[in-house]
Amino acid sequence: MSSQVVNVVFAGLGGQGVLKASNILAQVAFASGKAVKKSELHGMSQRGGSVSSDVRFGEEVFSPMVPDGDADYLVVLTLEEVENNRRHLRREGVLVTPEAIAVDNLPHPRSLNIALLGVLSKHLPFSREAWLTAIRASLPEKVHEINVKAFDMGRSGQPTSADSPAMRG
Amino acid sequence: MTRSERCLLNGDEAVAQAAIDSGVALGTGYPGTPSTEILERFNELGGKAQWAPNEKVALEVALGAAYAGGRALVTMKHVGLNVAADPLFTAAYTGVTGALVVVSADDPGMASSQNEQDNRRYAVAAGIPMLEPADSQEAYDLTAEAIAISERWHIPVLMRMTTRVCHSQTIVQRRALPRPAAPPSWQRDIQGRVMIPAYARPAHGRLRRKLAEIAAWGEQSALHRELPGDDALGIITSGVAFMHVREAAPKARVLKLALTYPLPTDAIRRFVDSVQRCVVIEEGDPYLHESIRAAGAEVTGKPEMYRFGELNVARVRRILAGDTTPEAPPPRGKPPQLCSACPHRVTFAALSKLGCIVSGDIGCYTLGVLPPFEAMDTCVCMGASLGVGLGLRHVLPPDQARRVVSVIGDSTFVHSGITGLAEMVYNPPSTGHVVLILDNGTTAMTGLQEHPGTGRTLGHEATGKIVFEDLARSLGIPRVHTIDPATDPAGLERTLTECLASGDLCVIIARRPCILAAGHIKQYERQATAGSRGEGCKTEVTP
Ligand SMILES: Cc1ncc(C[n+]2csc(CCOP(=O)(O)OP(=O)(O)O)c2C)c(N)n1
Ligand code: SF4
């Protein structure tokens, strides 16, 4: 694929908000005028099985699936799913896991997906406002505040071991 | 949203949007991944959307709407078309007055299905035109095209989608689509609609003439796209495989087909002649490959190993390179499990403890096959638990026959279990039989849809409700029991033991809402009592 396209793979377990996170990224990319495709496999996923979702954006995107070894970013919501999904990541790709944030300080455990979007957002060319608009549009109003907090926690955090070059690829 | 607005939609949502923009009068279907979201979205957008008890009924309801001159949409997963095949084949003969679009959502790779059958074969077998979208924009455009073809030739049209098209979001540009020319109105056409042999024989001739006309039209149609490229390699493709092809072979010349039955064989032959080597890239069965070869064009297909599973960019590269070395199996992720507080758990613990031979069925509860329960012995298709269980009882030695239990979910029971009960009453095994209906108040497997046993419509409003106990008794089944497995697990085990020993025909209803649905169900009930007081609709789900 042309180097113009950014490939992101989200992975985790059913119920963790993997698809919500990939939806939000797709919306942010779409709102900023990019060509975007998002793909997911779900169906039997509500019962704790592995779930993953691909988001691709750029000038022109063809296949909706990120080819193995082509992901620029791999965002995994639980450490136990990292090994399953490592094949997606390209050599210089960035792995984002819950280790990137202080999980115990999350405003709510269910906002982990949004906090990791915050971590991812540091690498992508979209404004904080663009992210917050998409987050608010995708979540019920009563959880907006919690999730904005979670997003900012991920976004402002110092780069930690999880997204430093040492952990790449 | 304005007409010209661009939106990010998955393929299912795009079909629903096109149906709304085209003034589709009725959308009906039965849930099934990956098709379910079409009707859910159609309903959200204000369309008249209904779940039918099963796909056969759905197709018949849609057919009636199309006989009446309306535009009708019917949706199902690939295996649903097996259930609906009977009306489909003869609807091809009768044709329609309005429009009938049949969406079949296939699941190559079996992300959530029991097989990976390729329903393109149905278009050929039934003799109905077929369109295959490659992304959401095409899902939108081809839905409108399907309606146009259906109305122009008075024929049902198959819209064949796949999981990656249904569940991938891509950008859709809406446009002003043609609205119905006239409102529905009855037109009598006895010879066209009543398929006694004397009228069916000419109807078959009419069908073949229509298909010949559509084939000629397809040759000229702008539906097929040819992308310029290097003559060294030509690729013929359809559906999402087209997207993988563009990425895997950016220099190739490509003929991308949208109307894949009847095929534009002249255009295909011209394309094949214009390139040095021509490869067909398609997911699933070698349908295009065989058809094109049968039309006399020299093309290469894919090696047999690529018939299995989905295609992707890497696999398309391998096909083009003729690479048949074994592929690395993808790492196995964590399989889905029954939720930790799922009411099905109690039931499977009992079945396992009592050493039952379990004739199983399809739904969340199929996961009872996995450890720690391993309490399912057969699972074939929806409704099969009844018939297969009875067959086992008829032939097994009595000591084994007495351990056989048919286990079926509530949605599956309404879908195709009721006729199995009729069979049980009509041809009772000498040891009796035990049917266990797992009534969790929803169609959980496919994402919590309503069905006729919940007493709520697709949009969760109160409507008529089938009471399983009354139904079983009215069929003459002597033992009918209802138990809450969550509050009375011992009672469930005791009743099961008694029923197995009785030698009678027994129906046990294990009733407890799915934990993911319970909150929603309470809310719908509250809304129903607040909103429709005095209308007399029964909406309670008795625990
Ligand atoms: C013919 C056919 N249509 C649809 C499906 C998809 N499907 C699988 S199971 C199921 C229903 C499950 O509901 P239920 O029986 O109530 O069990 P639950 O999942 O709630 O435990 C559906 C719709 C299918 N496999 N086959
Ligand atoms: S979704 Fe409902 S029926 Fe399915 S496993 Fe979970 S609790 Fe059980």
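These exercises walk through a predicted model, each with a worked solution.

Residues are numbered from 1 along each chain as its sequence is written, while chains are lettered from A and ligands numbered from 1 in the order in which they are written. Local features need pLDDT of at least 70, side-chain atom pairs count only at pLDDT 80 or more, and totals for chains, interfaces and linings use all residues; side-chain values use heavy atoms, with hydrogens and water left out.

**Exercise 1. The ligand site**

Task: Find which residues are closest to ligand 2, and why the site is shared between chains.

Solution: 
- Step 1. Start with the count: 12 residues surround ligand 2. A residue is near a molecule if one of its heavy atoms lies within 4 Å of it.
- Step 2. Name the closest: Arg47(A), Cys339(B), Cys342(B), Cys364(B) and Cys514(B).
- Step 3. Check the chains. The surrounding residues come from chains A and B, so the site is shared between chains.
- Step 4. Sort by class. The shell has eight nonpolar, three polar and one charged residues. Ala, Val, Leu, Ile, Met, Phe, Trp, Tyr, Cys and Pro count as nonpolar, Asp, Glu, Lys and Arg as charged, and the others, Gly among them, as polar.

**Exercise 2. Salt bridges in chain B**

Task: State how many salt bridges a search of the whole structure finds. Then place Arg160(B) and Asp118(B) in the chain.

Solution: 
- Step 1. Take the total: 37 salt bridges over all chains. Each is a side-chain nitrogen of Lys or Arg within 4 Å of a carboxyl oxygen of Asp or Glu.
- Step 2. Look at one pair. Arg160(B) and Asp118(B) meet at 3.1 Å, N to O.
- Step 3. Arg160(B) is in strand S7 (residues 157-162) of chain B, and Asp118(B) is in the loop between strand S5 (99-106) and helix H6 (120-126), so the pair ties together parts 42 residues apart in sequence. Helices (H or I, at least four residues) and strands (E, at least two) are DSSP runs, numbered from the N terminus.
- Step 4. Buried means under 20% relative accessible area, exposed over 50%, and partly exposed in between (1.4 Å probe, protein chains only).

**Exercise 3. Two further pairs**

Task: Say which parts of chain B are tied together by Glu138(B) and Arg225(B), and by Arg479(B) and Asp504(B).

Solution: 
- Step 1. Glu138(B) forms a salt bridge with Arg225(B), with the closest N and O atoms 3.9 Å apart.
- Step 2. Glu138(B) lies in helix H7 (residues 136-153) and Arg225(B) in strand S9 (residues 225-227), so this pair links parts 87 residues apart in sequence.
- Step 3. Glu138(B) is buried at 13% relative accessible area. Arg225(B) is partly exposed at 34%.
- Step 4. Arg479(B) and Asp504(B) also meet in a salt bridge, 3.1 Å from N to O.
- Step 5. Arg479(B) is in strand S17 (residues 479-483), and Asp504(B) is in the loop between helix H21 (489-502) and strand S18 (505-511), so the two parts tied together are 25 residues apart in sequence.
- Step 6. Arg479(B) is partly exposed at 26%. Asp504(B) is partly exposed at 30%.
- Step 7. Now the network. Shared partners join Asp106(B), Asp118(B), Arg120(B), Glu132(B), Arg160(B) and Glu282(B) through salt bridges.

**Exercise 4. Crossing helices**

Task: Decide whether H11(B) and H14(B) are roughly perpendicular or roughly parallel. Do likewise for H1(B) and H2(B): oblique or roughly parallel?

Solution: 
- Step 1. Helix H11 (residues 241-248) and helix H14 (residues 313-320) of chain B have axes that come within 8 Å and cross at roughly 70 degrees. Axes are lines fitted to C-alpha atoms, for helices over the stretch in contact, and angles run from 0 to 180 degrees between N-to-C directions.
- Step 2. H11(B) and H14(B) are therefore roughly perpendicular. Angles under 35 degrees count as roughly parallel, over 145 as roughly antiparallel, 65 to 115 as roughly perpendicular and the rest as oblique.
- Step 3. Helix H1 (residues 11-21) and helix H2 (residues 37-44) of chain B pack at about 45 degrees, with axes 8 Å apart. H1(B) and H2(B) are therefore oblique.

**Exercise 5. Cis peptide bonds**

Task: Find where the cis bonds of Pro262(B) and Pro372(B) sit.

Solution: 
- Step 1. Tyr261(B) and Pro262(B) are joined by a cis peptide bond, with omega about -10 degrees. Pro262(B) is in the loop between strand S12 (259-261) and helix H12 (265-273) of chain B.
- Step 2. Pro371(B) and Pro372(B) are joined by a cis peptide bond too, with omega about 5 degrees. Pro372(B) is in the loop between strand S14 (357-359) and helix H16 (384-395) of chain B.
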